[in-house]
Amino acid sequence: MKSSKLLTEIGLRLAGKDLLLRSLKITVAAALLLLATLATLGEVSRINTDALSTWHQHLAAILFICLCLCAAYLLLRKSVDPVAEVYCPRCTALGGHTRAPDSRTSVSPLAWHLGGFLLSIFYSGSKQERFQCRECGEFFHSHTAISRGYRLLFVLFVALIINYVWTDISEIFTE
Ligand SMILES: [Zn+2]
């Protein structure tokens with residue numbers, strides 16, 4: 001009797017934590033969407049008024065808007081089981097595979113050095129995960145819906161950094 005009461009309480013606490021996490025996600029996503037809207041408005045007004053801005057600035061604005069929208073989408077999407085759409089490369093069994101611990105390091109020191117905290121989060125999220133097949137027991141690496149989303153964020157973020165560095169370099173050469 002006592003243990004079932006305890007279990008119910010734990011369940012309620014977990015549900016509360018889930019709700020908190022969900023509302024936090026929605027808040028962050030709303031902030032990102034607002035940021036994207038402001039960036040879009042800024043970009044539109046710049047196109048209309050300031051003819052001197054370079055294509056680097058336009059590209060940076062567009063990449064930034066894409067990054068915000070992608071991140072907001074990832075936060076708002078319904079949490080489906082990411083393992084459900086993973087195929088085994090040997091027997092093509094779909095879904096239900098066991099996650100296998102990966103021996104590779106989770107954060108790349110190079111990514112950490114180049115882009116700091118945010119980039120290394122995107123990088124470690126974008127890597128393929130290791131699974132063991134439920135049918136044939138084969139170990140394999142595969143992307144999940146989540147890691148694909150993170151990979152997109154990673155690519156956009158890297159493009160933003162390259163564009164930023166490129167702007168700096170071209171300014172050095174034109175001065
Ligand atoms: Zn298999």
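**Figure 1. Alanine 100 and its contacts in the predicted model.** In this predicted model, alanine 100 sits in the loop that runs between strand 1 and helix 3. When neighbours within four places in sequence are left aside, alanine 100 is in contact with Arg130, Phe131, Gln132 and Phe139. One of these pairings can be followed in detail, for alanine 100 and phenylalanine 131 are 31 residues apart in sequence, and yet their C-alpha atoms are 4.9 Å apart in space. Alanine 100 counts as partly exposed, because 14 C-beta neighbours lie inside 10 Å, a number between the limit for exposed residues, 12 or fewer, and the limit for buried ones, 20 or more.

**Figure 2. Threonine 92 and its positive phi.** Threonine 92 belongs to the loop between helix 2 and strand 1 (98-99). Its phi is near 55 degrees, which is a positive value in a residue other than glycine. Most residues other than glycine have a negative phi. Threonine 92 is exposed, because 10 other C-beta atoms lie within 10 Å, and a residue with 12 or fewer is counted as exposed.

**Figure 3. Helix 2 and its buried side.** Helix 2, made of residues 55-76, has 22 residues and reaches 31 Å from its first C-alpha to its last, which is close to the 32 Å expected at 1.5 Å a residue. The buried residues of helix 2 are Ala60, Leu63, Phe64, Leu67, Cys68, Ala71 and Ala72. These residues lie on the same side of helix 2, because they cover an arc of only 165 degrees around the axis. An α-helix has 3.6 residues a turn, so residues three or four places apart point the same way.

**Figure 4. Helix 4 and phenylalanine 157.** Helix 4 has 30 residues, which at 1.5 Å a residue should span 44 Å, and the distance between its end C-alpha atoms, 44 Å, agrees with this. Gly149, Tyr150, Leu153, Phe154, Leu156 and Phe157 are buried in this helix. Phenylalanine 157, whose place is in helix 4, is buried because it has 21 other C-beta atoms within 10 Å, where 20 or more are required. Phenylalanine 157 and phenylalanine 64 are 93 residues apart in sequence, while the distance between their C-alpha atoms is 8.2 Å.

**Figure 5. The largest nonpolar core.** This core has 16 residues, and those with the most contacts inside it are Leu67, Cys68, Ala71, Phe122, Leu153, Phe154 and Phe157. Two or more residues are given to the core by each of helix 2, helix 3 (109-126) and helix 4 (145-174), and the largest share, 7 residues, comes from helix 2. The core lies between domain 1 (1-76) and domain 2 (80-175), because both of them give residues to it. In soluble globular proteins, nonpolar side chains tend to be buried together.

**Figure 6. The chain as a setting for the close-up views.** The chain contains 4 helices and 3 strands, and from the N terminus on its elements run α-α-β-α-β-β-α. Of its 175 residues, 13% count as buried. Among contacts between residues at least 6 apart in sequence, 69% join residues at least 24 apart. The average pLDDT of the chain is 83, and 87% of the residues score at least 70. Among the elements, the lowest mean pLDDT, 74, is that of helix 3, whereas strand 3 (residues 139-142) has the highest, 92.

Key:
Residues numbered from 1 in each chain as written. Predicted model: local features only at pLDDT ≥ 70, side-chain atom pairs only at ≥ 80, totals over all residues. Expected span 1.5 Å × (residues − 1). Arc of directions from axis to C-beta. Core = buried A, V, L, I, M, F, W, Y, C linked by C-beta atoms within 7 Å. Domains from an automatic or database assignment. pLDDT = per-residue confidence, 0-100. Contact = placed C-beta atoms within 7 Å.
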